[in-house]
Amino acid sequence: MIVQETKSKELILEMLKDVKKIFLVGCGDCATVCEAGGENDLKNITEFLESEGKKVTGKIVPDTSCHIPDVKMGMKKHAKELEDADAIGVMSCGAGVQSLGTLYEEKIVYPLNNPLFLGNTERFGQHVEYCSACGECRIDQFGAICPVTRCYKGILNGPCGGVNNGMCEIGNDTPCAWVLAYERLEKQNRLDNLKEPVQSKNWAAHLRPMRHLNPSNIKKMEEKAAKRAAKEAQKGK
Ligand code: SF4
Ligand code: SF4
């Protein structure tokens, strides 16, 4: 999940200082879970903006705002409200904001949230960063504890000298990722994993912007390419 929070009211007002009429978009997925883009959050921000003299022409909470075709479909019945607005305010992560920017290039799109990190939910309403989506996952070596993300320094051959009673030197009640990995591997009787130095990661595995196709899409594309090639061959005869 993309953990996120809504910008401060002061910042939102500053950002929207030239906007008189705005259409609001939330997100029924991560932003809703973070209480930063669900129906209720949009209602609250609407009340706030209207108390500041702005008109909210309409609003929508798509199931998943980063899903461009779904957002496009959902927005169809809001065409008039969108047309009436000077701008779009989006309460989602930056991916959702860019869905709207891609679909409505003529409109100014404002990000009302700050995306924070890719998070695991440890308890209801409590999210922690476990993974940074680095593009090359080999955390089996560390007992499924990610040192890239959960070690403050991201070191692959730890721990550093900052461990204090199992906690990281940064404090904040943060356990040292390397102590966690050691304890996990000990339970699995796999401490030998830590004897060999870990090879450096292939950082080229995460070249931005990343792209990904589901395997079924790749298959469809291959089938289409094969059909095209067959047609071309037929024409050539
Ligand atoms: S190594 Fe860590 S950051 Fe990279 S994909 Fe695996 S869990 Fe995520
Ligand atoms: S104490 Fe542990 S988690 Fe903190 S920076 Fe050092 S190795 Fe990383």
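Modeller: Start with strand E2 (residues 21–25) and strand E4 (residues 87–90). They run parallel and are joined by four bridges. One residue pair to look at here is phenylalanine 23 with its bridge partner in E4, isoleucine 88. Isoleucine 88 also has a bridge partner in E5, namely valine 109. The chain gets from E4 to E5 through helix H6 (residues 94–103). This β-α-β crossover is right-handed.

Now the setting. This is a predicted model. The protein has nine helices and seven strands in total. Its radius of gyration is 24 Å, well over the 18 Å that the globule rule gives for 237 residues, so the protein is more spread out than a compact globule. The C-alpha trace spans about 70 × 65 × 25 Å along the principal axes. Of the 237 residues, 25% count as buried. Take the contacts between residues at least 6 apart in sequence: 57% of them join residues at least 24 apart.

Last, the surroundings of ligand 2. There are 14 residues around it, and the closest are Cys151, Pro159, Cys160, Cys168 and Cys176. By class, this shell holds 10 nonpolar, two polar and two charged residues.

Key: Residues numbered from 1 in each chain as written. Chains lettered and ligands numbered in written order. Predicted model: local features only at pLDDT ≥ 70, side-chain atom pairs only at ≥ 80, totals over all residues. Near = placed C-beta within 6 Å. Nonpolar A, V, L, I, M, F, W, Y, C, P; charged D, E, K, R; others polar. Helix = DSSP H or I, 4+ residues; strand = E, 2+ residues; numbered from the N terminus. Rg over C-alpha atoms; globule rule 2.2 N^0.38 Å. Buried ≥ 20, exposed ≤ 12 C-beta atoms within 10 Å, placed from the backbone. Contact = placed C-beta atoms within 7 Å. Pairing = 2+ DSSP bridges. Right-handed = clockwise from strand over helix to strand, strands pointing away.
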